[in-house]
Amino acid sequence: MSGHPAVVMRLVASAYCVAEKAGSIVRKVLHSGELGIVEKTGANDLQTLADRLAQQSICASLSRRFPKITIIGEEELPAEEVKEDLIENGQSAEILQKTCPAEYSSLKEEELVVWVDPLDGTKEYTEASTYLRHQTGAQILHKGLDASQVQSTALWLLDNVTVLIGIAYGGQAIAGVINQPFYNYQLGAGATLGRTMWGMPGLGAFGFQLQEVPGDRRIVTTTRSHSNKLVTDCVDAMEPHEVIRVGGAGNKIIQLVEGKASAYVFASPGCKKWDTCAPEAILRTVGGKLTDMHGNAYCYNADVKHMNSAGVLATLRNHEYYISRVPQSVLQALRSD
C-alpha cells in the first residue's frame, strides 16, 4: 500500500462501512415493525422507511467524504438535511491496505459514478415483516402451519434482501459492495447478523467462498414476483435441470458465486442499473459475466437511462451457451440499448 491510497480504494473502503451501516438500518426498521410502506408504481414496486433512510445514509455519507463523485440512487427523495446519526464516517482498514490495480490507481473522484440500491428485495422485505407481525394465532392454524414454519418462511424471505453499492468508471462496473443484512439468521438468537462482500476486477473478491454448480447441471435462478410469458419461455429455453425463483438481483448474483445457480435469467426490462452495477463488478471479478439478452454489456455512465431494457443474463461460466439458447421471440421483444 502506498502512503496515500488511491481514490477508488478509499471510496470502496468507505462504501464497505456505509453498506454495513445501511444494513443495520434495514434490520432496525424491520424490528420496529413500522415499515412506512409507499407504493411507487404498484404493489410490486414498493418503498419503505428502510429504503429511504438507507439511501439517505449511503448518499450523504459518501458525498460528504467524496464531494465530486456522481451518486445515483434508486429512490427519488426530497432534498432535506440528513440527520447526523445516519452518517457513517468509517473506512475499512483491510481494504485501504490492498494494492489498487494499476489501471484504476490514478482515477479522480469526478470520473467515478456510484449506483445505489439501498434495499434490493423490498417486496420480500415487506412480506417477511407481514409474516412476522400477522401470521400468528388463527391465521397459522387456518393455513396448517406452526409458528416455526412461519418464522422459517419469513426469514427465508429476508435472505433475498441486500444493500448494493456499485462503482463505475468509463461505463464499466469496476467495484461492488453487497451487504446481506439478515445473513446468519439460521444460527438463532445471539448470532451476529449480516455480512458484507466486495470485489474489484484485477484485485479480488472477498467476504464469500467462491463455489460452482457441478458442470453437468444447469440451475437457473429467476424472478419470484415479476414473471411473464417472455421470462418463462426464456427460462425454459435454457433446458434447466432446476429453476429457483427468488427476489433481488443482488441475491441472485450471490447464488451464482456461491454455487447455488449457474445462470440468472430475466427476460424483462424490470431491472435497473443500480440493481446490477455492484453485483456485476463482483461477478466479473471471479470470471463471470453479466449482459443483456443479446449478449451486450450494460453501460454505467452517469447519463445512461436507468432501465436495463433488454433484460439480464448473468453466469459464472459458459455464458455463450446461455446466450445461444435465448429464443428469437425474446430477442425481438427486448431491444438492446
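## A buried tryptophan and other rings

W198 is buried, since its relative accessible area is 2%; buried means under 20%, exposed means over 50%, and partly exposed lies in between, using a 1.4 Å probe and protein chains only. This is a predicted model, in which local features need pLDDT of at least 70 and side-chain atom pairs count only at pLDDT 80 or more, while totals for chains, interfaces and linings use all residues. Residues are numbered from 1 along each chain as its sequence is written, and side-chain values use heavy atoms, with hydrogens and water left out.

How do we describe two rings together? A pair of aromatic rings is described by the distance of the centres and the angle of the planes. Rings of Phe, Tyr and Trp (its six-membered ring) pair if their centres lie within 6.5 Å; planes under 30 degrees apart are stacked, over 60 edge-to-face, and the rest tilted. The structure holds 5 aromatic pairs. In one of them, W198 and F206 are stacked, at 4.6 Å centre to centre with 25° between the planes. Y321 and Y322 have ring centres 5.1 Å apart and planes at 85°, so this pair is edge-to-face. Y322 is buried at 4% relative accessible area, whereas Y321 is partly exposed at 28%. Ring pairs also link W115, W274 and Y300 into a cluster.

## Helix α7 and its buried face

Helices (H or I, at least four residues) and strands (E, at least two) are DSSP runs, numbered from the N terminus. Helix α7 covers residues 229-237, and its buried residues are V231, C234, V235 and A237. Seen down the axis, these residues fall within an arc of 160°, so they line one face of α7; the arc is that of the directions from the helix axis to the C-beta atoms. Their cover includes strands β9 (219-223), β10 (242-246) and β11 (263-266), along with helices α10 (319-325) and α11 (328-333).

Now look at the two ends. At the start of α7, a side-chain oxygen of N228 comes to within 3.0 Å of the backbone nitrogen of L230. Just after α7, E239 has a positive phi of about 50°.

## I254 and its contacts

I254 belongs to helix α8 (residues 249-257) and is buried, at 4% relative accessibility. Which residues does I254 contact, leaving aside neighbours within four places in sequence? They are T162, I178, Q180, R195 and M197, where contact means heavy atoms within 4.5 Å. I254 and T162 are 92 residues apart in sequence and 9.9 Å apart in space, C-alpha to C-alpha.

Terms used: Polar contact = N/O pair within 3.5 Å; in protein donor to acceptor, adjacent residues only side chain to side chain.
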